[in-house]
Amino acid sequence: MFTLAEVASLSDIQPTYRILKPWWDVFMDYLAVVMLMVAIFAGTMQLTKDQVVCLPVLQSTVNSKVQPDTSGKADFTTVETTTGQEEASMRTVSFESAPTVTPDILVSRATSSQYQPTESGQELKKEQKDSSGRKTNLDFQQYVFINQMCYHLALPWYSKYFPYLVLIHTIILIVSSNFWFKYPKTCSKIEHFVSILGKCFESPWTTKALSETACEDSEENKQRLTGAQSLPKYVSTSSDEGSPSASTPMITKSGFKFSADKPMIEIPSVTILDKKDGEQAKALFEKVRKFRAHVEDSDLIYKLYVGQTVIKTVKFIFILCYTANFVNTISFEHICNPKVEHLIGYTQFECTHNMAYMLKKLLISYISLICVYGFICLYTLFWLFRIPLKEYSFEKVREESSFSDIPDVKNDFAFLLHMVDQYDQLYSKRFGVFLSEVSENKLRGISLNHEWTYEKLRQHVSRNAQDKQELHLFMLSGVPDAVFDLTDLDVLKLELIPEAKITAKISQMTNLQELHLYHCPAKVEQTAFSFLRDHLRCLHVKFTDVAEIPAWVYLLKTLRELYLIGNLNSENNKMIGLESLRELRHLKILHVKSNLTKIPPNITDVAPHLTKLVIHNDGTKLVVLNSLKKMTNVAELELQNCELERIPHAIFSLSNLQELDLKSNSIRTIEEIISFQHLKRLTCLKLWHNKIVSIPSSITHIKNLESLYLSNNKLETLPAAVFSLQKLRCLDVSYNSIAVIPVEIGLLQNLQHFHITGNKVDILPKQLFKCVKLRTLSLGQNCITSIPDKVSQLLQLTYLELKGNCLDRLPATLGQCQLLRKSGLIVEDHLFDALPSEVKEVLNQDTSIPFANGI
């Protein structure tokens, strides 16, 4: 037998998962409890009162009937039936004043009646009057023996095991009803779902989000507070506007909409969420997102529930079919043939089962309960297959609330929500709030504004290299409203803020001219766009895919500098959107850092306006450069890391080119440099970080060249032709293999910056110090053994690098370099310490006075 505690444990899950128990499951649970009580009651009755009582069937009465008494009286009457129905009836014996008869007397009487059947009627009547009853010659122990044998032989098995069968069937039905709550692969999901659902139902954010005032009043109140001093602000009032899509980054402007039924609330305190509640709600959004991704990928819970319902239905049919056949087998009378005549002397007994009546009533009750249970199972199957339970739509919730973006769900997630609807549809409605991105964005906005106040943002404002006030916001859930109150801000950087929204309040930031959007597809309101279109001068956009570039970027007509950093491979070149750059009529600088294989033809739409074009590749070879010919106004051109092997011929058509930078390519020879003589305005040539082994003498034709950068190449000598460039002010040949500085270097009277760090120079020619205009002299990491005293002639020298050479001492004449200070002298400490004290004193002087005198 099962204990009540063991059976009760099957119902422990009821309080926890009651929201997933539809009415039919609850009803079937109660029916199972009633059936369980029937089984326990019947089993208890059988254990305490179940027994049979048997009497032998006398041989003399078989197939005969007792003749009625002539006087109309009979001391006993034996009723015997021959039909099948009469055999099952009871034989009754009536006694009149029967004295106690011992077994010996009964045996003797039975013998005399057997062997003297022809005695006179008078003697028989006298004998009947002397004794009453039926002679059986059986004692008490024999009756007990027969009762026990006939209990097992004559009594139908169903009468004996009916309570236990009911108990087993009921336990199977209970287990089948709750198996989906116990199976590990479904139990974990259900526990998680119930936990999240309860928290979502009780979350303060749910109540605020479902309230129209909580959804809209915050924006309206803020707008009323700032409306007098700023442009009208966009207010989302419809369900369509409440769910902007990524494909529409510009938010259309709409006017104010107030409901006549809603009171005017001046203080938006209703929507201010407690910090703890806000953090809890944000955690719930994340949990719901992960749970949905985990549960929507399968329909195991649905299949398991359908399976256990089918099992219960089959079980019902099975129980009903075999039980109905055994109802009539439970009867009060039974014929028993124990086959123990050698022990007792009788072959047949009639037995009575005292529990037959009760068991039959309980069986009928059990059949009735099973029928009801079965009809409910059939209804459940009808419900399971009537509607698509693996799909769930929040259409009604979308209609009733402002969250039109609540997605439809499927598979086990949908099935669980259908089950919850059977308990209370309010649960699903409140749960849907946490599936809405609009709801999440509103919560993030409230929490963000609560955390990032004006004072906190002011602390993060810094000065950049251009001495401009700059604010960098990184990995926030949105743009705090207080940002737009920083009216003196010059540069705003937004990085990794996927839900960035620029509101109309940006019109207060009159000093804002530079905006950075790093992986931040910002959306702007119409009024905010109008402000940016008229005031923004510089825009940096960093992206992973070209589709992330906001469409409004190409409509900023007054934009002068545009920096695009991201993936622009050949498949996306046609999507780059640069065809819209034709609207950027004031664009002067275009910086593209990507992986281009060719310069997009559409870039020629803005070519007439561009003065600077920068293309930084990631090592992808730039093959097609024909579009460069149309950029006649380009003054600065940078083609870095483009795997160029030669100087592109298209560059020679850029008559206004002033600066050319071909850094980090694979250029080995620069024989084409002679063609630069046609570029009369070229003043700066940067061929650094290449594989150049020699400089052709034709470089002399670039008469106006002022800066030449050849560092990080494979040069071994410097040809005299380089020193014929009389206008050269900067020469950088660092990190090559140059061993000798030609004496012709003295011809460069305008040279101000000379860099030859990281070579093999061992001697400094005296002619070097004739370049009296030198300000920067980098001689580090060479093999120089001494510095001539003529270094004192470099009166304008402010930076001298000597570290990494073979010097024993420094000349004392360094003190005569009036502008040189210790901070500009890069040398080993022991060499500096070896200088005379007066020289060290001069080098340690405050730099402000000499610089002031020089200026």
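Helix axes are lines fitted to C-alpha atoms over the stretch in contact, and angles run from 0 to 180 degrees between N-to-C directions. Helices (H or I, at least four residues) and strands (E, at least two) are DSSP runs, numbered from the N terminus. The structure is a predicted model, in which local features need pLDDT of at least 70 and side-chain atom pairs count only at pLDDT 80 or more, whereas totals for chains, interfaces and linings use all residues. Residues are numbered from 1 along each chain as its sequence is written, and side-chain values use heavy atoms, with hydrogens and water left out.

The protein chain contains 24 helices and 25 strands. Of its 855 residues, 48% are buried, where buried means under 20% relative accessible area, exposed over 50%, and partly exposed in between (1.4 Å probe, protein chains only). Contact means heavy atoms within 4.5 Å. Among the contacts with a separation of 6 or more, 56% join residues 24 or more positions apart.

Helix H13 (residues 300–325) packs against helix H17 (residues 411–423) at an angle of about 55°, and the two axes are 7 Å apart. That angle makes H13 oblique to H17; angles under 35 degrees count as roughly parallel, over 145 as roughly antiparallel, 65 to 115 as roughly perpendicular and the rest as oblique. H13 contributes Leu300, Ile301, Tyr302 and Tyr305 to the contact, and H17 contributes Asp412, Phe415, Leu416 and Met419. By residue class, the contact of H13 with H17 comprises seven nonpolar residues, no polar residue and one charged residue. In this division, Ala, Val, Leu, Ile, Met, Phe, Trp, Tyr, Cys and Pro count as nonpolar, Asp, Glu, Lys and Arg as charged, and the others, Gly among them, as polar.

Aromatic rings were examined next. A pair of aromatic rings is described by the distance of the centres and the angle of the planes. Rings of Phe, Tyr and Trp (its six-membered ring) pair if their centres lie within 6.5 Å; planes under 30 degrees apart count as stacked, over 60 as edge-to-face and the rest as tilted. By this rule, the count comes to 29 aromatic pairs. One of these is the tilted pair of Trp23 and Tyr379, at 5.4 Å centre to centre and 45° between the planes. The pair links distant parts of the chain, 356 residues apart, with Trp23 in helix H3 (residues 23–49) and Tyr379 in helix H15 (residues 356–386). Trp23 counts as partly exposed at 44% relative accessibility, and Tyr379 counts as partly exposed at 34%.

Tyr302 and Phe415 form an edge-to-face pair, with 5.4 Å centre to centre and 80° between the planes. This pair also links distant parts of the chain, with Tyr302 in helix H13 and Phe415 in helix H17, 113 residues apart. Tyr302 counts as buried at 11% relative accessibility, and Phe415 counts as buried at 0%.

An unreviewed UniProt entry assigns the annotation "transmembrane region" to residues 27–47, 161–181 and 363–385. UniProt positions are given in the numbering used here, feature names are shortened, and annotations may be inferred rather than shown by experiment. In the model, residues 27–47 are 100% helix and 0% strand, with end C-alpha atoms 30 Å apart. Residues 363–385 are likewise 100% helix and 0% strand, and their end C-alpha atoms lie 33 Å apart.

Backbone angles were also considered. Most residues other than glycine have a negative phi, and most peptide bonds are trans. Asn712, although not a glycine, has a positive phi of about 60°. Asn712 is situated in the loop between strand E20 (707–709) and strand E21 (730–732), and counts as partly exposed at 28% relative accessibility. Gln781, also not a glycine, has a positive phi of about 55°. The loop between strand E23 (776–778) and strand E24 (799–801) holds Gln781, which counts as partly exposed at 43% relative accessibility.

A further loop, between strand E17 (636–640) and strand E18 (659–661), contains Asn641. Asn641 is partly exposed, with a relative accessible area of 26%. Asn641 and Gly619 are 22 residues apart in sequence and 5.3 Å apart in space, C-alpha to C-alpha. Not counting residues up to four places away in sequence, Asn641 touches Asn617, Asp618, Gly619, Thr620, Lys663, Ser664 and Asn665.
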